[in-house]
Amino acid sequence: MKGKPYTDASVMVIDLSSGQGGGADLKSDGTFTLDDPIPVGSYTAYFAPISVPPEDASAAPVPMQADKTIPQKYWNEASSDLKFEVKEGKNEFPIDIK
């Protein structure tokens with residue numbers, strides 16, 4: 001974000017026509033890697049708050065909040081303009097939020 005790694009979210013990717021996708025938490029250097037391959041297709045990327053399980057399993061869940069420093073459109077697959085094509089093999093897609 002603005003030339004610096006952003007780490008306080010997960011990145012979700014979804015093919016809006018098929019519903020296929022995946023997600024991963026951002027690492028300390030601002031990168032992410034999907035654990036499982038996703039099918040070839042057109043995808044939209046968006047952010048999701050990181051899910052932090054409570055330390056006490058019987059505790060009430062903590063509400064998740066979107067980081068307000070990131071424009072609202074990037075927190076929703078319907079409004080995100082982060083689009084890319086996944087092709088066979090390894091794919092890398094830089095996401096630069098300004």
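This is a predicted model: local features need pLDDT of at least 70, side-chain atom pairs count only at pLDDT 80 or more; totals for chains, interfaces and linings use all residues.
A pocket here is an open set of points on a 1 Å grid over the protein atoms alone, where a 1.4 Å probe fits, with protein on both sides within 12 Å along at least five of seven lines; lining residues have an atom within 4 Å of a point. The lining of the largest pocket comprises 31 residues, and F32, T33, N91, E92 and F93 lie nearest its centre. Strand 1 (10–14) and strand 4 (82–86) are the elements that give two or more residues to this lining; strands are DSSP runs (E, at least two residues) numbered from the N terminus. By class, the lining has 19 nonpolar, five polar and seven charged residues.

Residues are numbered from 1 along each chain as its sequence is written. Local features need pLDDT of at least 70 and side-chain atom pairs count only at pLDDT 80 or more, while totals for chains, interfaces and linings use all residues, and side-chain values use heavy atoms, with hydrogens and water left out.

The structure holds four aromatic pairs, meaning rings of Phe, Tyr and Trp (its six-membered ring) with centres within 6.5 Å; planes under 30 degrees apart count as stacked, over 60 as edge-to-face and the rest as tilted. Two of these pairs are listed below.

| Pair | Centre distance | Plane angle | Geometry |
|---|---|---|---|
| Y6 and F47 | 5.8 Å | 65° | edge-to-face |
| F47 and W75 | 5.8 Å | 50° | tilted |

Y6 lies in the segment before strand 1 and F47 in strand 3 (residues 41–48), so their pair ties together parts that are 41 residues apart in sequence. W75 lies in the loop between strand 3 and strand 4, so its pair with F47 in strand 3 connects parts 28 residues apart in sequence.

K83 is placed in strand 4. Leaving aside neighbours within four places in sequence, K83 is in contact (heavy atoms within 4.5 Å) with L16, Y43 and T44. The side chains of K83 and T44 are joined by a polar contact of 3.1 Å, a polar contact being a pair of N or O atoms within 3.5 Å, one able to donate a hydrogen and the other to accept it. The K83 side chain also reaches the backbone oxygen of S80 at 3.5 Å.

Technical notes
Helices (H or I, at least four residues) and strands (E, at least two) are DSSP runs, numbered from the N terminus. Ala, Val, Leu, Ile, Met, Phe, Trp, Tyr, Cys and Pro count as nonpolar, Asp, Glu, Lys and Arg as charged, and the others, Gly among them, as polar.
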